[in-house]
Amino acid sequence: MLAPAVYELYQGFERALWAQATDGAGNLYLGSWLPARVRRISPTGQVSVVFESKDLAVQALAAASDGRVFAAAIPSGVIHVISPNGEATLRHSAFLRPAMS
């Protein structure tokens, strides 16, 4: 055999899947374009939406060892932190400026 077997994990309606990340529990995260969503595919194949942005796309994903997922959205440049229970908080924005003293 030249390569491992290939099989379909997910078939959706997104125009493109731009980002992928995996966590220590074996979940696969997919970031999409139009709509800008993060989907989680569990090791058993269950698909769920864990985050949705008002942006056009989730362009980059990273999974941390504590179960958080970082999602970078464009065109805003915002990085969201998604907790293991699905709550998202703003981590960084390219458009936020520190207060002037």
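## Overall make-up

Of the 101 residues of the protein chain, 32% count as buried, where buried means under 20% relative accessible area, exposed over 50% and partly exposed in between (1.4 Å probe, protein chains only). This is a predicted model, in which local features need pLDDT of at least 70 and side-chain atom pairs count only at pLDDT 80 or more, while totals for chains, interfaces and linings use all residues. Residues are numbered from 1 along each chain as its sequence is written, and side-chain values use heavy atoms, with hydrogens and water left out.

The protein chain has 0 helices and 8 strands. Both kinds of element are DSSP runs numbered from the N terminus: helices are H or I with at least four residues, strands E with at least two. The C-alpha atoms fill a box of roughly 65 × 30 × 25 Å, taken along the principal axes.

## The nonpolar core

A nonpolar core is a set of buried Ala, Val, Leu, Ile, Met, Phe, Trp, Tyr and Cys residues joined through side-chain atoms within 4.5 Å. The largest one here has 12 residues, including A19, Y29, F51, V58 and I82. At least two residues of this core come from each of β1 (16-22), β4 (47-52), β5 (57-63) and β6 (69-74).

V58 belongs to this core. Leaving aside neighbours within four places in sequence, V58 is in contact (heavy atoms within 4.5 Å) with several residues, among them W18, A19, A36, V38 and A71.

## The cavity

A cavity is a set of points, on a 1 Å grid over the protein atoms alone, where a 1.4 Å probe fits but cannot get out; lining residues have an atom within 4 Å of a point. Grid points are joined across faces, edges and corners, and a volume is the space filled by probe spheres set on the points. The structure holds 1 cavity of 30 Å³ or more, and about 40 Å³ of space lies in the largest cavity.

The largest cavity is lined by Y29, R40, V50, G67, V69, I82, S83 and P84. Y29, V50, V69 and I82 are also listed in the largest nonpolar core.

## Two cis peptide bonds

The peptide bond from L34 to P35 is cis, with omega near 10°. P35 sits in the loop between β2 (28-33) and β3 (37-41), and L34 is found in that loop too. Phi of L34 is near 50°, a positive value in a residue other than glycine. L34 is partly exposed, with a relative accessible area of 31%.

Another cis peptide bond joins I74 and P75, with omega about 10°. P75 lies in the loop between β6 and β7 (79-82).

Technical notes
On a 1 Å grid over the protein atoms alone, a cavity is a set of points where a 1.4 Å probe fits but cannot get out, and a pocket is an open set with protein on both sides within 12 Å along at least five of seven lines; lining residues have an atom within 4 Å of a point.
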